Amino acid sequence: MMSIRNNLVKSLSISLSLVFALVMLIIDVVLDNWVDKEFEQSLMSKASLLVALVSEDERGVEFEFSGEFMPEFERQNNAEYFQLWIGDEVYEKSDSLGFQLNNSLPFVPLLEGKKKIIETHLPDGRDGLIIYYSFKAQVDTAKRSGFYTHLKEDGVTQPIMLLAYASSTEDTEGILVFLDFLFVLATFIVVFLVVYVVRNKVDLGLIPLNELNHELKKIKISDENLKLSNKNLSLELVPFIDSINSFIDQNKTLYEKEKRLTSDIAHELKTPITELINLTEVVIKFPQDKISKADYPQQVLGISWRLKNVISNLLLLNKLSGNGLPKDDIFDYQQIIHALYASYENRIILNFQTELPPLENNLFAVETVLKNLINNAIQYSPEESVILLTLESVGELPHVSISNEVSEVSEVLSVEDLENMFEPMWQKDTSRSSSENFGLGVGHCCFSL
């Protein structure tokens with residue numbers, strides 16, 4: 001079964017963790033690139049410094065290097081290396097190369113003014129970078145004119161020199177590896193923290209739902225004033241509470257209707273059963289009474305028919321509840337009204353204001369509706385009054401109105417009576433003394449049409 005809590009914790013944890021991991025990955029890549037660029041920049045700066053130490057005049061090339069200020073080129077361990085070429089001949093190299101079996105850096109020819117950085121293994125076996133820089137030695141400004149005159153007289157050009165400067169990258173790579181380890185460790189720690197925090201935050205956020213669940217478990221449909229309060233709740237839960245309250249009201253109404261319907265059915269069945277019992281007891285108690293014996297079969301038959309009608313109508317009510325009847329009968333409205341009118345000619349006046357085309361609907365339902373409406377109009381109007389039945393059209397549909405020529409009725413119907421009139425088993429006569437009305441007809445109209 002799907003769990004909202006687990007899904008929220010899982011989705012939020014994964015999303016936040018992925019975002020954090022992506023951020024850490026971007027930081028790691030940016031940091032690696034930045035460190036690589038800074039290391040290469042430091043190589044270029046050191047190479048430029050070494051180039052600046054090279055000068056030339058009429059006497060030749062001079063390299064003003066001092067190991068006192070650059071001890072990294074003179075030690076054996078963790079050393080740095082450089083080498084100078086004039087043309088393709090070695091001019092100078094660092095003392096640190098003298099401690100290694102491979103005491104020379106590889107020569108890479110370059111055009112003047114070009115630089116090149118390559119990855120390699122240093123003479124001591126460490127991984128590192130070598131920067132090559134092709135240049136012409138600087139000439140003192142005061143001696144420059146004389147120097148160039150000297151070259152012209154000798155018919156030569158200033159030679160191109162090549163500097164190779166090498167440094168190990170293992171320390172930098174070690175730091176980067178350590179940073180990568182820290183990033184990975186931080187990512188795992190953050191993932192666990194995110195899961196923990198998200199789980200607790202989701203649990204806190206679900207507290208109102210849990211409280212609502214407890215409240216719902218306490219609900220009993222039979223309680224009075226059954227409502228859930230929407231005070232002090234999250235804004236998102238207010239529509240949910242309103243919907244539940246609406247659902248509760250509907251079920252409360254259905255519950256009350258069911259109670260009333262059950263009670264009405266019990267009373268409706270109890271009356272004829274009681275009559276049967278009473279009749280039978282009278283006949284048994286007074287066996288010599290010939291009149292009672294003679295009337296007994298007929299009365300039992302009448303009561304039995306009443307029971308049969310009640311049960312048949314109850315079965316029909318159950319069958320039609322929630323289901324509409326098929327509307328595939330084609331009939332004439334006026335003919336149906338004329339057929340019903342024949343039984344009440346002395347009480348009903350017909351007024352047909354229009355000719356209606358044949359109607360397609362359920363004939364049984366229409367006849368039941370009209371018959372019940374006419375029966376109720378006759379029953380609840382004075383005996384001397386005349387009922388006006390008007391048939392007209394509203395759009396393409398027939399409209400039947402039933403009115404009385406007098407304003408008063410023989411039995412007053414209240415607003416509550418009008419509301420209950422379409423409820424199954426409801427009767428104005430609470431004593432249910434009628435042998436013809438069962439409170440089922442108008443209810444059938446509701447379920448049929």
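**Aromatic cluster, nonpolar cores and salt bridges**

Ring pairs link Phe-63, Phe-65, Phe-73, Phe-82 and Tyr-165 into a cluster. Rings of Phe, Tyr and Trp (its six-membered ring) pair if their centres lie within 6.5 Å; planes under 30 degrees apart are stacked, over 60 edge-to-face, and the rest tilted. The model is predicted: local features need pLDDT of at least 70, side-chain atom pairs count only at pLDDT 80 or more, and totals for chains, interfaces and linings use all residues. Residues are numbered from 1 along each chain as its sequence is written, and side-chain values use heavy atoms, without hydrogens and water.

Nine aromatic pairs are found in the whole structure. The ring centres of Phe-73 and Phe-82 lie 5.0 Å apart with planes at 80 degrees, so this pair is edge-to-face. Phe-73 is buried at 0% relative accessibility, and Phe-82 is buried at 1%. Buried means under 20% relative accessible area, exposed over 50%, and partly exposed in between (1.4 Å probe, protein chains only).

The largest nonpolar core has 21 residues. Such a core is a set of buried Ala, Val, Leu, Ile, Met, Phe, Trp, Tyr and Cys residues joined through side-chain atoms within 4.5 Å. Among those with the most contacts inside this core are Leu-50, Val-54, Phe-63 and Phe-135. Helix 1 (4-52) and strands 2 (60-63), 3 (81-86), 6 (127-135) and 7 (161-168) each supply at least two of its residues. Helix 1 gives the largest share, five residues. Helices (H or I, at least four residues) and strands (E, at least two) are DSSP runs, numbered from the N terminus. Apart from this core lies another, of 16 residues, including Ile-348 and Leu-356.

Five salt bridges are found in the whole structure. The criterion is a side-chain nitrogen of Lys or Arg within 4 Å of a carboxyl oxygen of Asp or Glu. Glu-72 pairs with Lys-46 in one of them, with the closest N and O atoms 2.7 Å apart. This bridge joins distant parts of the chain: Glu-72 sits in the loop between strand 2 and strand 3, and Lys-46 in helix 1, 26 residues apart. Both residues are buried. Lys-46, Glu-72 and Glu-80 form a salt-bridge network.

Arg-59 and Asp-57 also meet in a salt bridge, at 3.2 Å from N to O. Arg-59 is exposed at 73% relative accessibility, whereas Asp-57 is buried at 12%. Asp-124 bridges to Arg-126 at 2.8 Å between the closest N and O atoms. Asp-124 is partly exposed at 27%; Arg-126 is buried at 13%.
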